[in-house]
Amino acid sequence: MERGEKHSEGGAEAGVERGCGSGHGYYGNIYRRSVMKATSKARLAALILSDAQRFASLKQEIVQLDYFCKGTVLKRMMKCGHKQCACHRDPAKRHGPYLECTYKVHNKTINLKLYPEVAPLYRAAIQQYRKLKSLLGRLERLSRTALAHRAKQVQSKRTN
Ligand SMILES: [Zn+2]
């Protein structure tokens, strides 16, 4: 009777502690493996340290990025405004090449005309954008790995 009452008023908090007690067999298995765990713990700590170092150095690469622009630089041959000009009849006689930087903003394609001396500026910015995307991808993959390592460490502390 009395025990039953305690059970019901214990609530969620007490339930967690009781769960620990009733699972002795399971936790006992983990303790038996504690010698093996000592080495894997050191290995885990080393992995966590190297994760942090790699993350910091990738972050540093992001900090060093210059202006970036999504898009591509294209060379385009153009027709002029004079209807009598040969460019209107013969595609080979079109004018150019003219350089354009093409990118999308809110699903709208923007064609930015570039003077030849300006093109390197945009080519460099496009390179920076690609670098940023690649760094973000690497940071994300590294984060997933690092989080898994950290989670393992937190979990291992739980059983101590
Ligand atoms: Zn023309």
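Helices (H or I, at least four residues) and strands (E, at least two) are DSSP runs, numbered from the N terminus. By that rule, Tyr-129 sits in helix α4. The model is predicted: local features need pLDDT of at least 70, side-chain atom pairs count only at pLDDT 80 or more, and totals for chains, interfaces and linings use all residues. Residue numbers start from 1 along each chain as its sequence is written.

- Two strands count as paired if DSSP finds at least two bridges between them.
- β1 and β2 (residues 95-105) run antiparallel and are joined by six bridges. Across this pairing, Val-73 faces Cys-101 in β2.
- Seven bridges link β2 and β3, again in the antiparallel sense. Here Thr-102 stands opposite Asn-111 in β3.
- β3 lies largely in the open because zero of its seven residues are buried. A residue is buried if 20 or more other C-beta atoms lie within 10 Å of its own, exposed if 12 or fewer, and partly exposed in between; C-beta atoms are placed from the backbone.

**The cis peptide bond**
- The bond from Gly-96 to Pro-97 is cis, with omega near 5°.
- Pro-97 belongs to strand β2.

**The β2-β3 hairpin**
- β2 and β3 form a hairpin with two residues between them.
- His-106 is in the loop between β2 and β3. Its phi is near 50°, a positive value in a residue other than glycine.
- His-106 counts as exposed because it has 5 C-beta neighbours inside 10 Å.
- Asn-107 is also in the loop between β2 and β3. Phi of Asn-107 is near 70°, again positive in a residue other than glycine.
- Asn-107 has 5 other C-beta atoms within 10 Å, so Asn-107 is exposed.

**The loop from β3 to α4**
- Glu-117 lies in the loop between β3 and α4.
- With 8 other C-beta atoms within 10 Å, Glu-117 is exposed.
- Glu-117 and Leu-99 are 18 residues apart in sequence; their C-alpha atoms are 10.0 Å apart in space.

**Helix α4**
- Tyr-129 is in contact with Phe-68, Cys-69 and Lys-70, leaving aside its neighbours within four places in sequence. Two residues are in contact if their C-beta atoms, placed from the backbone, lie within 7 Å.
- Tyr-129 and Phe-68 are 61 residues apart in sequence, yet 4.7 Å apart in space, C-alpha to C-alpha.
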